[in-house]
Amino acid sequence: MAKTFIEQLLFPDMAFDSIKLQKTISGKTIVITGASYGIGEQLTLLFSNYDVHLILIARTAEKLNTIADIVRKNGSKCSLITADFYQETEVDRAVNELNVLTDTIDVFVSNAGKSIMRSLENSLSRFHDFTRTNSINYLAPIKIILAITPLLKASHGHIINVSAINVLLLPAPKWAAYQASKTAFDQWIRCNTAEWKIMKIKAKTIYLPLVKTKMIAPNKKYKNYPAMQPEQAAFRIAKLLYSSKTRSKPWWLIFPQLGSFFGEKIWEKISFFSLKKDDESSI
Ligand SMILES: NC(=O)c1ccc[n+]([C@@H]2O[C@H](COP(=O)([O-])OP(=O)(O)OC[C@H]3O[C@@H](n4cnc5c(N)ncnc54)[C@H](OP(=O)(O)O)[C@@H]3O)[C@@H](O)[C@H]2O)c1
């Protein structure tokens, strides 16, 4: 898809070393959650060129089957698990199926996610927004990682957390369900990183900006916002695997991060006035 000048500036294509990736993942077993669409789908297609065993998890069986056909044509092995991460019993079943499918896991990519932008007033009778985002963005990946930590320890493997830049910035109105659950998981990963290091497990996080996937489609405002392509996100995740860096974030994130550090009061005022403007325009 054609990129605008601003998109090329904000999300430049980066140097990518295919040989290094080959050395890192060839022959390995990689589990990707949320592999049926968007970033997970693109990552799956990228990895499928490197002779790997991909274990893909998502709800949409038909889409997973289509992707599995391509993976096999590209020369890699593919196994599928369908599970709905909103249900704890389904996460348990996915863990059991993983145990049956393999006794080796080298890479776990926690990518499945649910985003919600909704005002507090419109959330009053929607407690399920919070249980669902918590389940998929926070609790399900924890349950899976706890179960597979012995396998990752044995393989000196990788955990990749697909996160969002918002986690590193001041909280934004209407994003409570998404931002709280993504931040909770990010904190969980960061708390455990030193312990995993002792086990020789590498935990890495990519903090993504807006990415053009079906996740952002319901928000009409984002249609014309500059956004990264899902293929670019996939390349950045793959690069994180073979590089010594533990975090990947856009080059320009330092500026809003500085703003978050020094400008909390100003941000509170901006948030308040933007909400007031929203209210007035909806009268
Ligand atoms: N797009 C962005 O702007 C953006 C920005 C920052 C970070 N991210 C992060 O990037 C990751 C991938 O997002 P994306 O943009 O690629 O979104 P997407 O295109 O909507 O894909 C989400 C993936 O998660 C799976 N999923 C959704 N609900 C599920 C459930 N209840 N149980 C199991 N799997 C479920 C979906 O598969 P099924 O529907 O088949 O289950 C799909 O494969 C997420 O963690 C998101 O937070 C995205």
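Start by selecting helix α4, residues 61-73: this helix lies across β2 (53-58) and β3, and runs at about 170° to β3. Helices here are DSSP runs of H or I with at least four residues, strands are E runs of at least two, and both are numbered from the N terminus. The angle is taken between N-to-C directions on a scale from 0 to 180 degrees, using axes fitted to C-alpha atoms, for helices over the stretch in contact. Contact means heavy atoms within 4.5 Å. You're looking at a predicted model, where local features need pLDDT of at least 70, side-chain atom pairs count only at pLDDT 80 or more, and totals for chains, interfaces and linings use all residues. Residues are numbered from 1 along each chain as its sequence is written, and side-chain values use heavy atoms, with hydrogens and water left out.

Next, color the strands. Seven of them form an open sheet in the order β3-β2-β1-β4-β5-β6-β7, with parallel pairing. Because β3 (77-82) and β7 (247-248) stand at the edges with a single partner strand each, one side of each has no neighbour in the sheet. Strands count as paired if DSSP finds at least two bridges between them. Zoom in on β4, residues 107-110: four bridges join this strand to β5, and the two run parallel. Pick F108 and you'll find its bridge partner in β5, I159.

Now bring up the ligand. I39 has a polar backbone atom 2.9 Å from a ligand oxygen. On its own the ligand exposes 870 Å², and the protein buries 96% of that (Shrake-Rupley areas, 1.4 Å probe).

Last stop: select Q257 in helix α9, residues 254-262. Leaving aside residues up to four places away in sequence, Q257 touches L168, L169 and K249.

Technical notes: A polar contact is a pair of N or O atoms within 3.5 Å; within protein, one must be able to donate a hydrogen and the other to accept it, and residues adjacent in sequence count only if both atoms are side-chain atoms.
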